[in-house]
Amino acid sequence: MADTAKPKGGTARASASRRRGRKDTSPGLGDEKPEVLLDYYRQMVFVRQFEQRTGQAYTQARIGGYCHLNLGEEATVVGLMTALQERDYLFTNYRDHGYAIGKGMDPKRVMAELYGRSDGVSKGWGGSMHMYDTETRMLGGYGIVGGQLPLATGAALAISYRGGDEVVMCQMGDGTTNIGAWHESLNIAKLWNLPIVFVVINNFTGMGTTVEMSSAEPDLYKRGAAFRIEGERVDGRDVLAVRDTASRLIERARTEQTPFLLEAWSYRQKGHSVVDPAKYRTEEQRDEARSEENDPIRIFGEKLAKAGLLTDEQRDEINASVKAEVAEAADFAENSPHPDVSTLFDYTYASPVPNESRRMPADPVFAE
Amino acid sequence: MSVITYRQALRDTLRAEMVRDENVLVMGEEIGVFEGSYKITEGLLKEFGPRRVKDTPIAEEGFVGAAIGAAMLGLRPVVELMTINFSLIAIDQIINHAAKIYGMFGGQTSVPMVIRTPGGGGQQLGATHSQNIELFYSFIPGLKVMAPSTPAEASSMLRAAIRDDDPVLFLENLGLYNSKGEVPEGYAEPSNDNVATIGRAGVTREGSDITLIGYSRMAMVATQVAEKLAEEDISVEVVDLRSLRPLDRQTFVDSVKKTGAAVICEDDWLTYGIGAEIAASIQEGAFDYLDAPVRRVAMAEVPMPYAKPLETAALPSVESISTAIKETLSAVGKRVG
Ligand SMILES: Cc1ncc(C[n+]2csc(CCOP(=O)(O)OP(=O)(O)O)c2C)c(N)n1
């Protein structure tokens, strides 16, 4: 069920306490099979531990560049990815590790990409922000805020052009909804009746700027209205609510050939990136983001436990086996070779070019 | 051989490629119902329908990006940007995405698309509508930038651009659309495979005294200069760059080795411009052969004025280029007519 709780606008502080005061309105576990529920739980734990390990490796300088994690957003990630069918396509922003794994990419190769190694999903050319895999139809993490929206719209155009029945999901953050590409893409998607679901992960901040500071209409799911795109909001802490809402919109996009907008409230536990101590957050905001009450894994784990589906031993067992698997991914990455420098010029053009200046720094343009 | 306009060559070739390949579609502002601001897409909507001829909203970033995404899934969109000036709205999609997607994902997906767009001054369109900013795109690895100067080039190069697996900026020039030239028989046949090699410059006129290098409209002007100076017994070799990235340095460097002198003419601003790259390449590749410093004739470095005499003065002309050639030759004591 979609949670359509309506914040009244106003200051960041006011809305933060409003959110915190919110009761968990999720519908429980429904009649979902225990093994499916446990699998979701395991996937969420996997994303959590993978990201923790990633943060560690980053701090040890095993991983370079920027590094944006999904910590706290695991229910949203897993809910969205289990709603998306294998044949459907995914575009994300730079906060993409969890999505890449959720879409079916091999975590070992995701980790190898973070390490910049040749077994990485993008052969070490992309890094944290640019996971890509044709096979599992994860069509990329993108580092320019909003840059993925026109691309995802175009992918949906190609599907529609060919009369296919795939759907594109385009993930983004709340801060993305104010950039030109957002407006242009939603408009085009509706004009051309494209099968795409735009998903806004509302973690209430783009870096340090709150939604209320950046969006004149902070109820983001309403902002499709200008384009006659139906929007819904879901509690992103609730994996089943996310899955069900997303599935429903995905199937409607598929059958009705029209775009939808989904906003998922989610809690980014840490700073914007690994190195960001999030000093801009007030104590209240920090508590809110990290509170047990908002931790999707704890919420789901307790529900499962109450329903007698997850014992303490099972939880420990899942934690331990995930830990081993994540360690294996890190080992794999550690041992994967660095890309050979001789491949430096391999990926500039898909069609070969004559006369391309393939020179290393300081080489002459015209070698005799 | 028949003689047709540059516009006609583009239109017929575009149509032929759409007949040949179902994956080719055209997108842009006013290209369907309006049949194109410059009528390159005339008749296409009637023939192919709105599925393959897509009128877009005025949202350059949105539809250029959509073409990129569609290309990632194997379509071959040919986007028309009304003029290159508006490509600035889409520059993030072109530079950060079209150019990078093949590389940053380790070669897993390419972006087989074409952006056709006219540019250039001389039409009294003022500062924001008279620019040649191909430099921005020529600077970027991952993009290919083509700038044909004749109807025959327009045809074989557009065919090459559409069939190429990389994103191609295909630069037209308002001053060329009505220019005429010979095209080979069958140029408009879907089965035609007269496909230019992207990244090959051409020596379009042989000469022995000096090399004159240009592209797009300036390659056409360069030919006029050479014809005029021939009457004064100055033998000018003309090199048409045709492609700005990849850049065929060898062809113009070989020509300079032969003539010993070079003038570059370009329709854009001088400082940091394409002529600067050409001059540097000549210096690296043919320094020992040069009898005189390389000269560049470019647009005046001002925002383009509207008033006709000012605009005319701002643009390189047959006269200003001829003068530069004569001065270069006299500097080394070569005869100057
Ligand atoms: C066009 C652009 N402007 C600025 C940035 C720098 N930047 C990177 S992430 C970010 C915040 C985006 O926030 P949001 O869209 O809410 O996504 P989240 O980080 O919450 O996933 C900014 C400003 C960028 N990458 N691209």
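A residue is called buried when its relative accessible area is under 20%, exposed when that area is over 50%, and partly exposed in between, with a 1.4 Å probe and protein chains only. The structure is a predicted model, in which local features need pLDDT of at least 70 and side-chain atom pairs count only at pLDDT 80 or more, whereas totals for chains, interfaces and linings use all residues. Residues are numbered from 1 along each chain as its sequence is written, chains are lettered from A and ligands numbered from 1 in the order in which they are written, and side-chain values use heavy atoms, with hydrogens and water left out.

Arg295(B) counts as partly exposed, at 33% relative accessibility. Its side chain meets that of Glu327(B) in a salt bridge of 2.8 Å, N to O; a salt bridge is a side-chain nitrogen of Lys or Arg within 4 Å of a carboxyl oxygen of Asp or Glu. Because Arg295(B) belongs to strand S14 (residues 295-299) and Glu327(B) to helix H12 (residues 318-331) of chain B, the pair ties together parts 32 residues apart in sequence. Helices (H or I, at least four residues) and strands (E, at least two) are DSSP runs, numbered from the N terminus. Glu327(B) is partly exposed, with a relative accessible area of 41%.

A second salt bridge in chain B joins the side chains of Glu80(B) and Arg116(B), at 2.8 Å from N to O. Glu80(B) is buried at 4% relative accessible area, and Arg116(B) is buried at 2%.

In chain A, attention turns to two helices. Helix H3 (residues 74-83) and helix H9 (residues 239-256) of chain A pack at an angle of about 35°, their axes lying 8 Å apart. The axes are lines fitted to C-alpha atoms over the stretch in contact, and angles run from 0 to 180 degrees between N-to-C directions. Among the residues that make the contact are Ala75(A) and Leu80(A) of H3(A), and Arg243(A) and Ile250(A) of H9(A); contact means heavy atoms within 4.5 Å.

Arg243(A) also forms a salt bridge with Glu32(A), the closest N and O atoms being 2.5 Å apart. This pair links distant parts of the chain, 211 residues apart: Arg243(A) is in helix H9, while Glu32(A) is in the loop between helix H1 (12-21) and helix H2 (34-59) of chain A. Arg243(A) counts as buried at 13% relative accessibility, whereas Glu32(A) counts as partly exposed at 21%.

Over all chains, the structure holds 40 salt bridges.
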